[in-house]
Amino acid sequence: LFGGFLYSIRKFELKRQRKNTAIRESQLRAEAAELQAKAAEAQSKVIQAENDRKSSELEEARQLQLSMLPKLLPNLPHLDIAVHMKTATEVGGDYYDFIAGLDGTLTVAIGDATGHGMKAGIIVSMVKALFSSGGSRLDMKTFIDQSSDALKEIELGRLMMAFMMIKIKSNKIE
């Protein structure tokens with residue numbers, strides 16, 4: 001009788017332990033799921049912060065690129081000038097510029113760098129600087145040769161830019 005009683009106590013104790021183990025496992029699963037949810041939320045916040053930072057940088061680059069375009073078009077009595085540019089991405093490789101000389105010569109630059117994004121924007125910035133510094137005072141062949149040499153020294157790899165210049169003076173176009 002005493003052995004049967006001990007057996008019943010052990011059986012009851014094992015059932016209680018299994019029940020407690022099952023409850024604890026359920027609690028641990030719930031805690032694990034909660035931790036996973038918090039980790040996923042934290043990771044989502046990190047990703048969103050990184051996306052916001054990149055978007056902000058791209059917007060700054062876009063604004064910088066747009067600021068390099070002429071604010072006013074040359075007002076010459078013998079020419080009607082209009083421009084429109086719509087980039088495919090935040091930063092592109094499209095470029096145009098004008099220099100109106102004191103002698104009435106209008107020098108026009110139009111370019112398109114390969115690709116989109118920061119690399120294309122960088123080459124546009126470099127060409128803008130070169131054009132602003134020598135585009136109107138040098139003859140076109142000299143300007144293009146010197147600009148090409150300067151850009152080659154920077155070693156831009158496969159990055160290129162199609163570039164065209166036009167000089168208009170009175171009724172002559174070069």
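Visitor: How many of the eight residues of β2 are buried?
Guide: β2 is largely enclosed by the rest of the structure, because most of its eight residues are buried. Buried means under 20% relative accessible area; exposed is over 50%, and partly exposed lies in between (1.4 Å probe, protein chains only). Strands (E, at least two residues) and helices (H or I, at least four) are DSSP runs, numbered from the N terminus. The buried count for β2 is six.

Visitor: What kind of model is this?
Guide: Residues are numbered from 1 along each chain as its sequence is written, and side-chain values use heavy atoms, with hydrogens and water left out. Local features need pLDDT of at least 70, side-chain atom pairs count only at pLDDT 80 or more, and totals for chains, interfaces and linings use all residues; the model is predicted.

Visitor: Which strands stand at the edges of the sheet?
Guide: The sheet is open, with four strands in antiparallel pairing and the order β1-β2-β3-β4. Two strands pair if DSSP finds at least two bridges between them. An edge strand has a single partner, so one side of it is left without a neighbour in the sheet. The edge strands are β1 and β4 (172-173).

Visitor: How many bridges join β2 to β3?
Guide: β2 and β3 run antiparallel. Across them, I110 stands opposite M164 in β3. The number of bridges is eight.

Visitor: Is T107 buried or exposed?
Guide: T107 is found in strand β2 and is the bridge partner of I99. Contact means heavy atoms within 4.5 Å. Beyond four places in sequence, the contacts of T107 include D97, F131, G135 and M165. With a relative accessible area of 1%, T107 is buried.

Visitor: How far is V91 from L58 in space?
Guide: V91 is found in the loop between α1 (2-67) and β1. V91 is buried, with a relative accessible area of 3%. Outside four places in sequence, V91 touches L58, A61, R62, Q65, H116, G117, M118 and G121. V91 and L58 are 33 residues apart in sequence, yet their C-alpha to C-alpha distance is 7.1 Å.

Visitor: Which element gives the largest share of the lining of the largest pocket?
Guide: On a 1 Å grid over the protein atoms alone, a pocket is an open set of points with protein on both sides within 12 Å along at least five of seven lines, and lining residues have an atom within 4 Å of a point. Of the 16 residues that line the largest pocket, I123, S147, S148, L151 and M161 are closest to its centre. α2 (118-134), α3 (140-153) and β3 (161-169) each give two or more. The largest share, six residues, comes from α3.

Visitor: What is the volume of the second largest pocket?
Guide: Grid points are joined across faces, edges and corners, and a volume is the space filled by probe spheres set on the points. The second largest pocket is lined by 17 residues, with A82, V83, F98, V108 and I110 nearest its centre. β2 gives the most to this lining, with five residues. The volume is about 210 Å³.

Methods. 1 Å grid on protein atoms, 1.4 Å probe; cavity = no way out; pocket = protein on both sides within 12 Å on 5 of 7 lines; lining within 4 Å.
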